[in-house]
Amino acid sequence: MTLSFQVLGDAGKDNALLVTIDRGQAISRLLFDCGEGCLSRLPFAEIQAIDHLLFSHFHMDHVAGFDSFFRCVYGRTDRSNHVWGPAGTSDILHHRFQGFLWNLVAGMQAAWHVHDLYLGRLASHRFELAEAFAQAHVEEERSWVRIFLEGPGYTVESLLMDHGTPSVAYIVRETPRINVDSAKLATLGLRPGPWLQRVRGTRADEAEVIVVEGAPRSVRELQDALVRVKPGDAVAYLTDFRLDSGATDRLAEALLGVGTVVCESQYRHADEELAVRNYHMTTTQAAKLARRARVGRLVLFHLSDRYRAEEWRAMLAEAQAIFPATTFPDHWAAC
Ligand SMILES: [Zn+2]
Ligand SMILES: [Zn+2]
């Protein structure tokens, strides 16, 4: 498996999600939110290798651990530094960057690119360590529809949800793997060669022809005969928004083909009124969404601290009654 994930933080405490995409030549790490203490069990080297930090929103329990992250990586120049989030992300990050004294950094070249996701467009700003992060330099502004980030072997999609403030739901998908059916190749009497590069590439039109072992061949026919597309795995990160019928409809469609949904369950079913009032979800709402979207597995996290440990098992059972393939994160085994 090339896509893996790790929920960070304990039950009833701040949580975050680390997603790793390992494509052999390149390993990418995406951190979703950064609550207090979430990074405490991650090795320093792994924190330093986080490529993108993506916030759902900026309530304290999602950003309280940012200083720990930033302390590890603020001067990083071996990769580009990106932070993503809803409208207002650049303003809030600008304040965070300036929350420290930076008098000994002249000549350090690190730059931070901060991206605000608005409906249908994103606006980016660059902040320079050598300037003590004083200026927000305007970078690109571009439109986006669902997919806003493409990395080596993966894409990230988002939907803006309603938490009384925009809260971003994220879906990470591995890009499909294109394989050549070697048994079929043999039955056609062909040997592998550089020509397979084209066959594995973009879909050809009917007229396109390549020469294979001295004879012209239709690329389209070769693609139909030889190419096998293996869909990639996907994981969704859903937290802190109201799951009303409109939101459920949008997500059920967006989650098509997603293997694992990591979803908050702030409230028990009995406290649904509180969930609606506070723009959060219940265990049963999360489970109904997973069932409707036909995902493979639901992982519940981000439980309200109003519940005691004895109630956590009951919360899990509420969700499992609707969607049996529901678990807590693996390291919450004691729950
Ligand atoms: Zn919140
Ligand atoms: Zn929260």
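Which residue bridges the zinc ion (ligand 1) and the zinc ion (ligand 2)? Select D240: D240 bridges the two ions, which lie 3.6 Å apart.

Before moving on, note that this is a predicted model, in which local features need pLDDT of at least 70, side-chain atom pairs count only at pLDDT 80 or more, and totals for chains, interfaces and linings use all residues. Residues are numbered from 1 along each chain as its sequence is written, chains are lettered from A and ligands numbered from 1 in the order in which they are written, and side-chain values use heavy atoms, with hydrogens and water left out.

**Stop 1: the zinc site**

Select the zinc ion (ligand 1). Its protein donors are H57 (NE2), H59 (ND1), H163 (NE2) and D240 (OD), at 2.2 to 2.4 Å. Donors here are N, O and S atoms within 2.8 Å of the metal (3.2 Å for Na, K and Ca); water is not among the atoms, so sites may look incomplete. Along the chain, the donors follow the spacing H-x1-H-x103-H-x76-D.

Now pick H163 and D240. The pair links distant parts of the chain, 77 residues apart. H163 sits in the loop between β10 (154-162) and β11 (166-174). D240 sits in the loop between β16 (234-238) and α8 (245-254). Helices (H or I, at least four residues) and strands (E, at least two) are DSSP runs, numbered from the N terminus.

Are these two buried or exposed? H163 is buried, at 6% relative accessible area. D240 is buried too, at 1%. Buried means under 20% relative accessible area, exposed over 50%, and partly exposed in between (1.4 Å probe, protein chains only).

**Stop 2: N81**

Go to N81, in strand β5 (residues 81-86). N81 is buried, with a relative accessible area of 1%. Leaving aside neighbours within four places in sequence, N81 is in contact (heavy atoms within 4.5 Å) with R76, A111, W112 and H113.

**Stop 3: helix α10**

Select residues 283-293, helix α10. How many of its 11 residues are buried? Eight are, and the helix is mostly covered. Among them are T283, L289 and A293. The buried residues pack against β16, α8, β17 (260-264), α9 (272-277), β18 (297-301) and α11 (309-322). Just after α10, R294 takes a positive phi of about 55 degrees.

**Stop 4: T260**

Finish in strand β17, at T260. T260 counts as buried, at 11% relative accessibility. Beyond neighbours within four places in sequence, its contacts are F5, A234, V235, A236, R297 and V299.
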